[in-house]
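Please read the following points with the model open beside them.

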Amino acid sequence: MSERPSYRPETLAVRAGQERSQFGEHSEALYLTSSFVFKSAAQAAKRFSGEEEGNVYARFSNPTVTMFEERLAALEGAEDCVATASGMAAIMALCLAHLKQGDHIVASNSLFGATVQLFNNILSRTGISTTFVSHTDPAAWAAAIRPETKLFFLETPSNPLTEIADIRALATIAHAKGILVAVDNCFCTPILQRPLELGADLIVHSATKYIDGQGRVLGGAVCGPKKLTEEVFKYLRTAGPTLSAFNAWVLLKGLETLKIRLEAQAAGAASLAVWLESHPQVARVFYPGLPSHPQHELAKQQQKSGGAIVSFEVKGGRDQAWAVVDHCQLLSITANLGDTKTTITHPASTTHGRISPEARAAAGINEGLLRIAVGLEAVEDLQADLERGLSRLG
Ligand SMILES: *Cc1c(COP(=O)(O)O)cnc(C)c1O
C-alpha cells in the first residue's frame, strides 16, 4: 500500500494507487496477463510461500486490479480493498469469508433484490439464516439479535424510496454484541458517504454503478481494515470471482471523474426533486435532500448531499406512471442506475415485480411510483421529457 498523505478526495481519485512500470507511462497501464514469471526457482518458491510479495497468478492479484483497489481504499478511507467480479460477488465473498453454518444475519428489509435472493435462497442452503427488519428503526435491529448473529447488513439510502438507515446507531448496537456491520455504499459512493467513519466495519460496492458511471463493465469491491479484508481475499483467491484486469482499468479511470460526475448528477437530482414536488400531477417525492424527506436531518449528518436518485409518485396508479415512462424520448427505460445517461424505472412492475402486491404495499412501493437515476443531461431537458407525460395526466 503506497503512502497516503492527507490529499483531498479529488486528488486521491486521480493519483492514489498508481504504480508506474519501467516505461514510465503517465496513464495507468492495463496488464492483460493471467500469470507472472519469476527470475528463478528460488523466487518462485518465495512468491508461492508468501515470503516475498509479488504477483503470481491473476486470480490472486494483477497490478491493474491492485491500482484500482488502492485508489478505492484511499477514497473510502479504508486500510484495504479487494476487488470482485461484480457487486453480488462482493456481497457473496464478504458473507462466505466471515460467516459459517449456523450463523445469523440481521439485514435491512429494503435491500437490492439480488441481495435478498442471495440471503434467502443461497446462503440459507449453507445454514446461514437472515432476519429482515425495518430499515429505519434501530430498535428492531437490536430486537432481532440472537446469540448466533454475526453480521448486520444494510444499504443506505434504500432503493427506491431513499429511506436512510442510521449507520452510527446501528454500529453502536452491533458492536455492543461483537457483531460486524457491513454497508452497501453503492448509491452514495465515498464521495457522498464514508461508512467507516460512521462506525461500519466493512463496505461493499457494486462498481458497476457510479464508479464506472458510464454503463460499460461489471465490478465490485469490499473495503475495510486488512484483518477483515484478508479473509475476503482468501475466499476470492480460492473461489475465483475476482475482477478482470480490463474491468479494473475501466473502473480505475471511472474513479478519476467520480466526484465531478456524482456532484453534478446530485445537483441535477436536487433541482428535479424540487420541480417534481411542485408539480400538480405528482403526489409525493422521495429525495433525502428535500426538507420534506422524513429523515432529511439524518441524511444531512451522514451524507454530503441527497445523491442522484429521485423517486416520485404520480397521482393515479400504474396507467398514469406507465404513461409518464412511455412518453419519455430522452430518459432511458432501464432498471440500471449510476450512469451519465438518466434512467427511469417503474419499480412495482420491474425491480420489485416479483414481490407480492401485499408485501409491496407494506414496503410503500405503490403502483404510481417511478424512480429516476439522474445523469448528466441538462435538467431543463429532463423536465421537458417528464412533462410530456405528466401534462397528459391532468
Ligand atoms: C446493482 C447493485 C448491486 C449488485 O451489483 P452487480 O454489480 O450488479 O452485481 C448490489 N447492491 C446495490 C445497491 C446495487 O444497486
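1. A pocket, as the word is used here, is an open set of points on a 1 Å grid with protein on both sides within 12 Å along at least five of seven lines, and its lining residues have an atom within 4 Å of a point. The model itself is predicted, which should be kept in mind throughout.

2. With that in place, the second largest pocket can be described: 33 residues line it, and those nearest its centre are Asn 109, Leu 111, Val 116, His 352 and Ile 355. Two or more residues of this lining are supplied by each of α5 and α13, the latter spanning 357-363. The volume of the second largest pocket is about 760 Å³, and its lining comprises 14 nonpolar, 14 polar and five charged residues.

3. The largest pocket holds about 1,300 Å³ of space, and of the 42 residues that line it, Glu 53, Gly 54, Asn 55, Ser 61 and Thr 66 are nearest the centre. At least two lining residues come from each of α2 (41-49), α3 (63-76), β1 (80-84) and α9 (226-239), and α9 gives the largest share, with seven residues. By class, the lining of the largest pocket divides into 17 nonpolar, ten polar and 15 charged residues.

4. When the whole structure is searched, one cavity of 30 Å³ or more is found, and the largest cavity contains about 50 Å³ of space. Its lining is formed by Pro 157, Thr 162, Phe 187, Pro 288, Gly 306, Gly 307, Ala 308 and Ile 309, and by class the lining of the largest cavity has five nonpolar and three polar residues, with no charged ones.

5. Which residues of α4 and α5 meet? On the side of α4 they are Met 88, Ile 91, Met 92 and Cys 95, while α5 contributes Ala 114, Thr 115, Leu 118, Phe 119 and Ile 122. Sorted by class, the contact of α4 with α5 consists of eight nonpolar residues and one polar residue, with no charged residues.

Notes:
Residues are numbered from 1 along each chain as its sequence is written. This is a predicted model: local features need pLDDT of at least 70, side-chain atom pairs count only at pLDDT 80 or more; totals for chains, interfaces and linings use all residues. Side-chain values use heavy atoms; hydrogens and water are left out. Contact means heavy atoms within 4.5 Å. Helices (H or I, at least four residues) and strands (E, at least two) are DSSP runs, numbered from the N terminus. Ala, Val, Leu, Ile, Met, Phe, Trp, Tyr, Cys and Pro count as nonpolar, Asp, Glu, Lys and Arg as charged, and the others, Gly among them, as polar. On a 1 Å grid over the protein atoms alone, a cavity is a set of points where a 1.4 Å probe fits but cannot get out, and a pocket is an open set with protein on both sides within 12 Å along at least five of seven lines; lining residues have an atom within 4 Å of a point. Grid points are joined across faces, edges and corners, and a volume is the space filled by probe spheres set on the points.
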